[in-house]
Amino acid sequence: MRQFTSDELRKTWKEFYIARGHKDVGAVSLVSDGSTGVLFNVAGMQPLMPYLLGQKHPMGTRLCNVQGCVRTNDIDSVGDKSHVTFFEMMGSWSLGDYFKEERCKWSYELLTEVFGFDADHLAATVFEGDENAPRDEEGAQYRIASGFKKENIYYLPAEDNWWGLEYGPCGPDSEMFYIADRPDCGPDCGPGCSCGKYTELGNDVFMQYEKHHDGHLTPLAKKNVDTGWGLERILAFLNGSRDVYQIDLFAPVIAYIEKVSGLKYNEDEKMTRSMRILADHIRTSVMLIGDEAKLLPSNAGAGYVLRRLIRRAVRHGRTLKLATADLLKVASLYIDEIYNESYPLLVKNREYILTELKKEIARFESTLENGMKEFQKILEAKRKEEKDEIDGKSAFYLYDTFGFPIELTVELAEEEGLKVDEEGFVKAMEEQKQKARENQNFSAKLNVGADLAGELSSEITSEFDGYDKLTVESEITALISETEICNTLAEGQKGTLIVPVTPFYATMGGQKGDTGVITTANGSFKVLDTVKLTGDRIGHIGEVVSGSVSVSEKATLSVDTENRMSTCKNHSATHLLQKALKEVLGDHVEQQGSYQDSARTRFDFSHSQAMTAEEILKVEQIVNAQIAANLAVVTEEMSIEDAKNKGAMALFGEKYGESVRVVSMGDFSMELCGGTHVKNTGDIAFFKILSESGVAAGVRRIEALTGANVMAYYKEMEENFMQAVSAAKATPATLSEKIKSMQAEMKTMSSEIESLKSKAAKDALGDVMNQVAEVKGVKLLATKVSGVDMNGLRDLGDQLKAKIGEGVIVLISDADGKVNMVAMATDAAMKQGAHAGNLIKGIAALVGGGGGGRPNMAQAGGKNPAGIDAALAETAKVLEGQLA
């Protein structure tokens, strides 16, 4: 085998294909444009998907490049000898040009003549066939004809040798392997075996079929080839190694890490793994920040992946005892020495990359040490409890407080032999987001004040005493303005007030905090929200509306009675709702989130499909029946074990203390709950479901009203109804019949309009039968008509299809500055190879559009009426290419 540097390999690859008529299309951004539904470009062919699907590439039908890619789906495998998150894919493509014969020949030439592999050590796999597509004997024969030994051809199933998306172009692929001089590991040893005898070198994908929405395959008129070889792996192999971290793209970095850490690569497995992760993650981070998209770390999407990579690198840097300056030096090695010629954009963006990288490292390092201490506390607690899992709330606490991505917590836990409740983490995060959304108005302005609560004396705490009373006498123990802890708040000032005992319920468990007023001898403080603060404190957030309030003053705390009662009604109704849902839908229903304030209740629950109207009505009837039953609402405090033994419903993933509150509503409902409730279900008065919808996979949401809000809802409905009666010039009793009559009139008018449009379309088209041409014995009528919409084109197409008997119809119209296109093929034409969907795809780009459809009928839209004549002229050529 011939040895290469990375620069030589890139150059050799492109020169090989350019010499065979290919054009180098260059590389695009690592960050996906979103058209394929992924965050990054994960394969060299991804940016070329529109052209593989039929669109004409401006540079021709033979293409090649070396494309940077990012894949993080197997990030947990990074640290071994072969996995990386950033890699370069060397690719070449045929867009309806050459096919298997040339592809197999060139792959063999590349392997033997260019890279110097011994032909006796080469193997290839081909598709073995299944019920959908035949065995790829053609591919096997061309592999053998190119030089592969017959005994080294292996037939593998679709899971190994078939490429395709949900629908569209697809086909068999053929992978090439190097066979090492070692015995078989067993009777089934072959390509794909993990024993190491077979090393994958490259892959050729033959897109020769189109998969339709119903799953069946039809041959493509223009077949494509997609070839992809991973630069890092093939480079390592050519240079006599199976370790990609020993190639010239990583060697300077590994050498530097060895120097500053005092460790030797490959001496200690754990430390070598950290070296690889650090080298890989910093490289990928440099590439993403320095990319044309200039990606930055964030808490969502591609930015979150970048943040995760950097923070994982920092953690492993700590393991290797590397400082921030060392991590930045690693980054600069990639910019200044390793990729300075092949990726000049990195050099151009050098300062930007290093500055942003330094910022993110600083953000994480500022909390990492404390976060690791907290993780150790959680770890020790779980071990004392003899538990093998870190709960989701604790994992979210590490994320929310110390910036630990969930993946980092999972990784740390796995190193200690523990699991992490990742579902519980997601729930905790969603609860936090929802609380933020609900409190983002006034409370958000006082974040600084809330944070300052942590600086108060530990003796300043709060106790809630508002289950049975709405007024309490207390004393102000702390005041926090929008910027600082203070002794007095004057009229007009906003802030947070803390007392030892309060009747105000703080936002918790989905229930919105109380509002009300706090009065002293010298002033009045309007409470707009009540929240939990650090250190077992309850913060009353609001504004001084008269006089002033000061620390040590006696205060009377009065909860807004109407607001509290309305909230209680919504909360108690939610308990009834959950039990009713279990009765109607099944015991699989579990609470996934909830929110109650004075206006409404919202309840998220586990259920895999939308509720029917009948199910919604039944749930509503059950809840209202329990309200009418005037069930006593009883609250008891008991041990968690006693509560579970009594059958009380608990929230999955929630952490409970030894003593819990159990809220019972007659014999109907029993739940663990710390919120406030009505005394009797009759107090709720009414319950009305407003909507049922999906919010996530397997999670549904119900929004509902109670009490006076239901009456207000029906009053609004009645007003709307009477407005409709007036608009229809009817009476309440005759509105339904009047609407039916109006609908019948509209249907008649619509039919008349369509008839007139059809006549106008025919008149605009005129007699076009003299334009019928023949293409390989198939009649083709391709023409244009002005001012006809898609429905009109379809009608015209049906009429013309009947006139010509058998053949293909293509109609294009310029309507309101846009282009409408329809193609139709009769049964006889389809038997000869005509495909309306592919025909449309072949010409739509000429009018600035796209589309497709079934073999017998397809349509498309476009934005460029000036291209209509060119599209019509191209029609015969595309059809000719389809016909046998």
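**Cysteines and charges**

1. Cys195 is partly exposed, its relative accessible area being 26%, where buried means under 20% relative accessible area, exposed over 50%, and partly exposed in between, with a 1.4 Å probe and protein chains only. The sulfur of Cys195 lies 3.6 Å from the closest cysteine sulfur, that of Cys193, which is too far for a bond.

2. This is a predicted model, in which local features need pLDDT of at least 70 and side-chain atom pairs count only at pLDDT 80 or more, whereas totals for chains, interfaces and linings use all residues. Residues are numbered from 1 along each chain as its sequence is written, and side-chain values use heavy atoms, with hydrogens and water left out.

3. The structure holds zero disulfides, a disulfide being a pair of cysteine sulfur atoms within 2.5 Å. Cys185 is in no disulfide, and the nearest cysteine sulfur, that of Cys193, is 3.3 Å away; Cys185 is exposed, with a relative accessible area of 52%.

4. A search of the whole structure finds 43 salt bridges, each defined as a side-chain nitrogen of Lys or Arg within 4 Å of a carboxyl oxygen of Asp or Glu. One of them joins Asp97 to Arg62, with the closest N and O atoms 3.2 Å apart. Asp97 lies in the loop between strand E3 (86-95) and helix H3 (100-114) and Arg62 in strand E2 (residues 62-70), so the pair ties together parts that are 35 residues apart in sequence; helices (H or I, at least four residues) and strands (E, at least two) are DSSP runs, numbered from the N terminus. Asp97 is partly exposed at 33% relative accessible area, and Arg62 is partly exposed at 23%.

5. Arg315 forms a salt bridge with Glu411, the closest N and O atoms being 2.9 Å apart. This pair links distant parts of the chain, with Arg315 in helix H9 (residues 301-319) and Glu411 in helix H14 (residues 406-415), 96 residues apart, and both residues are buried.

6. Lys512 and Asp529 also form a salt bridge, their closest N and O atoms being 3.0 Å apart, and both of these residues are buried.
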